[in-house]
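Open the model in your viewer and keep the selection tool at hand. The tour below goes from stop to stop and says what to select at each.

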Amino acid sequence: MTKRWIGRLTIGFVIILGCLALVFSQENGEDDSVSSSAESSTVLDFTQPIAFPHTIHAGVDQIDCQYCHFSAERSVDAGIPPVSTCMGCHMVIGGSDEVQQAEIQKVRDYWAAKEPIPWVRIYKVADHVHFPHMRHVAANVDCTTCHGEVKEFEVIETVNQPLSMGWCVSCHVEQNVRRDCTVCHY
Amino acid sequence: MNDGLKRRDFLKVVGASGAGAGVLGCSTEKVENLMPYVTPPEEITPGVATWYSTVCGECEAGCGMWVRTQEGRVVKVEGNPNDPVSKGALCSKGHSSLQGLYNPDRFKGPMIREGGQLKPISWVEAEEVLAGHLERADNYYLITGSTGPSLTGLVDSFAGDTGGKILNYNPLDHGPLREASRIVFGRDVVPWYDLGSAKCIISFGADFLDGWLSPLRDSRGFSKMSAVGEGGFKGRFVFAAPRLSLTGQNADEWLPIAPGTEALVALAMANVISGGTAEAGPYQEIVDAHSPEDVAAKAGVSAESIRRAANHLVEDGPSLVLGPGIEGQHRNSTAVNVAVAILNFVAGNVGKTVDYSSPQFGASSRSSSYESMQDAIGDMRTGEVPLVLVHAANPAYALPSTSGFKEAFGQVSFKVSFASAMDETAAMADLILPDRHFLESWGDSSWRSGRFSIQQPAMQPVPHFDSKQVGDVLLSVAENMGVGSGNQSFYEWLRLQWQSKAATEGVSDFEHFWREGLRTGVIDTESESESSSSEALRETDRALVFDSPEFDGEGDLHLMVYPSARFGDGSMNANRPWLQELADPVSKIAWHSWVEMHPDRAESLGVQNGDVLTLSTDYGALEVPAWIYPGIRQDVIALAMGGGHTEAGRFANGNGVNPMDLIPAEVEALSGGLVHFITKVAVTPTDDRYQLASIAGSDVQSNRPITPVVSLEEWTRGTTEHSDEGGHGPLKELQGIGGFVPIETEGLPENFPLDGSKHGEYGKEDEPRWAMAIDLDKCTGCSACVTACQSENNVPWVGESQVAMGRDMGWIRMERYYEAVDATQAGPVDIRFLPMLCQHCNNAPCEPVCPVFATYHTPDGLNAQIYNRCVGTRYCANNCPYKVRVFNWYTFTDEEPVREGLGHIPEPLNWQLNPDVTVRENGVMEKCSFCVHRIRNAQNRAALEDGVLAETDVVTACQQTCAAEAIVFGNIKDPNSKISRISKDQRSYRVLNEITNTQPAVSYLKKVTFHEVVSEGH
């Protein structure tokens, strides 16, 4: 019984320490970071300016990922579609219900004002990682491998793959490709 | 789990409690935006660089440039490989043009002076004000620096239409050279020099490697002639001048002739060569009257040395004699250049290595003599001049203060400046119409008669600054005034000029011609010159004095004022931290001024390095710290231009002194040029000392095998086997003592990776192995590689106080060792340059000591540094025998400095940062990475294309910029690659390898000397 209580006390102690460390460590971050706790919904707001549904575009309409994310096959960046790409269809397609029409009108407003749509970034690796999209596309790694089944998400809020280094490296090991540090870190 | 807490459970729990913030799964501590294009430009792919050809505007040489842009932002400049001048190379000034483009101190918009203060106004208003003044003024001056042919044409016609008088002002004017060319060959031109074709070069002070006429052309040519060639031939370079500039340090022999005696020595050499024949035409009598014996005493060198040098000129084939540079421009400079022209003629060089028929700059070049500037100053002083416009010039800084320019300029009723950033002249202006930087401008340049480059903007104007091209302003003002041709923009004017030019060339499809010109960066037309194979010497129509001139002042110490190797005249490029922090190639000093003094003179005055001295002439006095330099005559001291700014911006102001305050503003009688080498100087030590920020460690090798050389004779005789042992064999000695058993290897690529050093190398069989070789026989020490690397790799600048502490952060540095330099008599010069960068040692001492494995050896042969893993122990730097690892003691990459004076990157200088390379913060170690980002990019591109990585696909930044082509880089495992051949060359060695057994991947090729090296220090 003693051992069990010592174990539980230790776990509890560690959890408390961990939470405290978490709270205090955030204050040393960059000026514009906001301290977050286990409840992430408090301050960071990842709402997109336009409620773009991949379910319709990639799902129902089966538009290829690279139709919009056009530079994935030849650049390190996958590319965000320029407003002109959206307008290519939405010049004509106005939406079938009020909600859709309101959102599509926003696209047309941006186009009319010649302003870029300020999308919020969801998928990101750290600044010190150089991730080349074109190598992975050329290696026939499907977009869904890392980005998940995007066509099933109404709104992309979370990243359902870890995108952590260990996760990347495990795939590199599995596929038996280069995995020394300077392949990504330089 | 009744038996207690297991380790895995413990870790799981700890992990879970820390996972709270990780809900989003990625490093999103903040909300970031992704901004798409509205309508994407066709030529831009996000993440892929777009390149543009243009031409550099930093000096008159007009080297072609390739500009790399990412998403419409200029991030790097390189030389244009198609350009016959630069051939892909670029000097430090060229690289620093990025800091000129993103200079945080550029004017934010037009400004007008009201109540003594400059206040912003709109362009419309500013142009109206200018038009108004132009209309009211019946005459005015337009002071302009060098501009390309089209802009020059526009300025000419504008001035003609509006009653303006043009003064071309170039602080480093070549008036005496042009006048001499006119006297001797009837052509008022700067001839074209071809150093690469010469077998022997004698320079009477022309500093062609770090300035003068065309540093890249001449570095390339010099390297070609001076490095040992296939046939075992090595060109000889003799330097005859009172002071060894960087160019002089590359000489094989130094004739330390007395100040002002260049003409005598040149005539004496002509005397030796012409030897009684009538080759010197109308000058034969003068030549005959100056034998080496006649001039030796005055020149301070032996007759025998003059005779020997002269004989070299005719021994092996075409040679080349170059006149003095700006620093040696004294009262009889034109005569010196005439003597040099005579010598070239008698040696048979004219038409071969020096060409007057197809000269530099072409017919579009012109320059006003300083004499006309002096007249203008006199005019301005009367207060009768209503208007002066100043463009691309900073005479308030660059002219001697005794010229009275500032006072006279102050008397002008209305002063207009087109400067893009504040400078001393703009500080006095009433109206400022900021010009654009050349990287944002249209224009053209003629670097040689008949050869042109179009200058095109590589990006939209930097949005922080509301600037307008001066050509556009003039056209708009002309329109306003109802004069001029009615063109809307300078771009249209430029195209019109080119349309008519193309028409005379018989071009039918102008659009194709124009696009090809923009794409390749080079336009060749029919040469505008008369071809002439036989020039003949003409009799002089001016009175020439070949004797040494009078110097003002008393005593025996002469003052030399020389253009800085980093800044040139420094009038408009001093506000660049890269240039300020670049160690001067001669003195290795950064940020501050220094005065060079011979050790004997210093001893007699009781002066040590860093002692502050008062220099006084009849014209001014300055306080400046001393730097002791054996490469200068005992009776000469020297000061570099470019310091002492007061109004040039936050990085330039307050650094050093302006030597132009010490010399008078005197006109050279024959050419009308400004005399620089004119006065003696009195030196008084003060009680102060100044810690000069120098990156020099040791000036001598102290018996260490750092830069061994091989004499030409030994090399010609030598074996073809690669020899890595320098003859010491300390490794073998250590083995005898016991306890240390090094890995024996020949250092050949087959041996790598070494047994026992393979920790963590999980590579594939077909991995390349990267290696580098640097040919020290070609390296001139110009340090362009340092700036190129800094630009490419986001290497921070740290500020003077940190450099003084030895915390300079260059990834590559130019070391310089003295072996033989004697200012008292003619003799061999042996000064050795060593570009030192991370050697990527196969047996690296830095790798095993990192506690977190942040540095390790990659399968492709690089010593990698992983910034995010580094915790800043600095043990690796401690262990490195080459001391090439540098540590970020502070964060040098924020908008504000961590502490005053420390390096930082204020907006918009951060626009220059290379997106391919991580930007480091404090606590992280960094060093040369062999441009690993370029290697990875090339591998990525090759994977997309054909999977084959060709030798020319990977070029490091330092290799690319070297005009001397001293650096070779590549895959040493490929038997066909240049690097694998060169590393087996008999001159190849590795620095300190015998002592440390680090087995570097960087090998050096020994410099070849004409003289036998006798000292034990190799």
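A residue is called buried if its relative accessible area is under 20%, exposed if over 50%, and partly exposed in between (1.4 Å probe, protein chains only). Helices (H or I, at least four residues) and strands (E, at least two) are DSSP runs, numbered from the N terminus.

This is a predicted model, in which local features need pLDDT of at least 70 and side-chain atom pairs count only at pLDDT 80 or more, while totals for chains, interfaces and linings use all residues. Residues are numbered from 1 along each chain as its sequence is written, chains are lettered from A and ligands numbered from 1 in the order in which they are written, and side-chain values use heavy atoms, with hydrogens and water left out.

**Stop one: a strand and its neighbours**

Select residues 140-144 of chain B, which form strand 7; 5 of its 5 residues are buried. Show the side chains: B:Tyr140, B:Leu142 and B:Thr144 point one way, and B:Tyr141 and B:Ile143 point the other way.

Strands count as paired if DSSP finds at least two bridges between them. Here B:Ile166 is the bridge partner of B:Leu142. In strand 15 of chain B, B:Val388 stands opposite B:Tyr141.

**Stop two: the helix in between**

Which residues of helix 4 of chain B are buried? Select residues 149-162 of chain B to show this helix; its buried residues include B:Leu151, B:Leu154, B:Val155 and B:Phe158. After helix 4 of chain B comes B:Gly163, with a positive phi near 80 degrees.

**Stop three: aromatic rings**

Rings of Phe, Tyr and Trp (its six-membered ring) pair if their centres lie within 6.5 Å; planes under 30 degrees apart count as stacked, over 60 as edge-to-face and the rest as tilted. The count comes to 30 aromatic pairs over all chains. Select B:Phe405 and B:Phe409, a stacked pair with 5.1 Å centre to centre and 20 degrees between the planes. Both lie in helix 15 of chain B, 4 residues apart, about one turn of the helix, and both are buried.

Next, select B:Tyr989 and B:Tyr1004: their ring centres are 6.1 Å apart and their planes are at 35 degrees, so the pair is tilted.

**Stop four: salt bridges**

Side chains of opposite charge can pair when their charged atoms come close. A salt bridge is a side-chain nitrogen of Lys or Arg within 4 Å of a carboxyl oxygen of Asp or Glu. The whole structure has 44 salt bridges over all chains. Select A:Arg178 and B:Glu767, whose closest N and O atoms are 3.2 Å apart. This pair crosses between chains. A:Arg178 is partly exposed, with a relative accessible area of 27%, whereas B:Glu767 counts as buried at 3%.

Finish with B:Arg331 and B:Glu666, a salt bridge with its closest N and O atoms 2.6 Å apart. The pair links distant parts of the chain, 335 residues apart. B:Arg331 is buried, with a relative accessible area of 17%, and B:Glu666 is partly exposed, at 25%.

Technical notes
Right-handed = clockwise from strand over helix to strand, strands pointing away.
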